[in-house]
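Here is a short briefing for a first look at this entry. Please keep the sequence and the 3D view open as you read.

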Amino acid sequence: MKTITVNDRPYTVPDHPVVVITVDGGDPRYFHDALDRGTMPRLRRMLDNGGEFGIGRSEIPSLTNPNNISIVTGVSPALHGIPGNYCRLPDGSLELLNDPKYLRAPSIHAAFAAQEVPTLTVTTKDKLRLLLGHGGVPSVSVERAAGSALPRYGVSDVEQLVGAAAPDVYDPLASHYAMRIGLAALRHAPDLRLLYVSLTDRVQHASAPGEELSDLFLTEFDTLLGEYLDTGCTVAITADHGMNAKHDEHGDPRVHYLMDVLTERRVPVDEVVLPITDPYVRHHGALGGFAWLHLAPEHRTAAREVLAALPGIEEIWDRADAATSYELPADRIGDLAVTASASTALGRTAADHDLSQLHGKLRSHGSRHEQFVPLILNRPVRGPLAARFAAGTLRNRDIHDLALNHLGSFG
Ligand code: ZN
Ligand code: ZN
């Protein structure tokens, strides 16, 4: 069996297609609720026939870009270089981290592609496509599916391959189209060996487990999961992060605007960076459970004291401690890292956030409380990772190791 080592971790090249699906915002509670109510019969049958459902953890901050890149590289943000969707760089510029020039580690897919192993990455949000496609990996997004091709697989028109026009990226069911692209590619190119499908958390930002939109999403997800299973591929499912309601009993967002709070207390701050910031503000209004503060050394103690006194502020770390405890690249984070409780969001100034654009009541992520993610596999976990899988101490960045190296035969 051939093995390819990527970022010091060995991965077995499979003799059949292996599919890893990242359900954006796919908090384990969505799946538990659906299984309890019997609304995901294919997932239930898969688990009854030797599949596994474990719990793992995401990177902190629990955001999309750091976790998708951890999942495809198998290593932490300290090594791959992407600590948020957005950050302030050492030169003071504020940047969306969507450009491959920020990557410091190759993906498993890029290493496989370099050795002629057929790979494909499919994303819903186009913001991830360049990162996931870096290093010669064929890649496509739902957002830009119209008019795109996959020359590696002789596909001149992705919409034609799927047999349907791509929906808008804010369409609640856009994620299903990403799954359909992956399925169509599997059927079209049987030599495909490693497929990555990354969804969008449009539904999870708007809908709690058991609510109508969530049920609609998961029901169709389950049908498509069944179609994947019927192709005979190995299927692994995880999430980039979970999701929590961050509003009060009246449905109003529960937010601390950190720049406003500190300015009022006369603590000078150079910048408050919200690493959840991305082009899809209608999902979350750029409000999440994590913030970086950039400020002069002489003001940090005062800032800590002011913030620590606010209800719902949980952790305040300086740069070095945040880099160590969250495994982040020290040059791309703030002087202070601030996290909030499950039901509290952090903003910059009240004027910066247009909450009228939100799809509904604020549900978001970024803190430690959205760190729990599912690790779901269609075959039993065997060997040295089995104990850690059962104990819940694996990460979403271990999902390719699990899927390629540690699965037993079908039950
Ligand atoms: Zn996400
Ligand atoms: Zn999100």
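How are the donor residues of the zinc ion (ligand 2) spaced in sequence? Their pattern is D-x3-H-x159-H. Note that this is a predicted model. The points below cover the metal site, a helix pair and the cysteines.

**Zinc site**
- Three residues supply the protein donors of the zinc ion (ligand 2): Asp201 through OD, His205 through NE2 and His365 through NE2.
- These donors lie 2.0 to 2.1 Å from the zinc ion (ligand 2).
- Asp201 and His365 link distant parts of the chain, 164 residues apart.
- Asp201 sits in the loop between strand S9 (194-198) and helix H9 (202-206).
- His365 sits in the loop between strand S18 (363-364) and strand S19 (372-377).
- Asp201 and His365 are both buried.
- The zinc ion (ligand 1) is 4.2 Å from the zinc ion (ligand 2).

**Helix packing**
- Helix H2 (residues 41-48) packs against helix H10 (residues 212-230) at an angle of about 45°.
- Their axes are 7 Å apart.
- The angle of about 45° makes H2 oblique to H10.
- H2 brings Pro41, Arg42, Leu43 and Met46 to the contact.
- H10 meets them with Asp222, Leu225, Gly226, Leu229 and Asp230.
- By class, the contact has five nonpolar, one polar and three charged residues.

**Cysteines**
- The structure has zero disulfides.
- Cys87 counts as buried because its relative accessibility is 0%.
- Cys233 is also buried, with a relative accessible area of 1%.
- For both, the cut-off for buried is under 20% relative accessible area.

How values were computed:
Residues numbered from 1 in each chain as written. Chains lettered and ligands numbered in written order. Predicted model: local features only at pLDDT ≥ 70, side-chain atom pairs only at ≥ 80, totals over all residues. Heavy atoms only, no water. Axes fitted to C-alpha atoms, helices over the stretch in contact; angles between N-to-C directions. Helix = DSSP H or I, 4+ residues; strand = E, 2+ residues; numbered from the N terminus. Parallel < 35°, antiparallel > 145°, perpendicular 65-115°, else oblique. Contact = heavy atoms within 4.5 Å. Nonpolar A, V, L, I, M, F, W, Y, C, P; charged D, E, K, R; others polar. Donors = N, O, S within 2.8 Å, 3.2 Å for Na, K, Ca; no water. Buried < 20%, exposed > 50% of the residue type's maximum accessible area, 1.4 Å probe, protein only. Disulfide = S-S within 2.5 Å.
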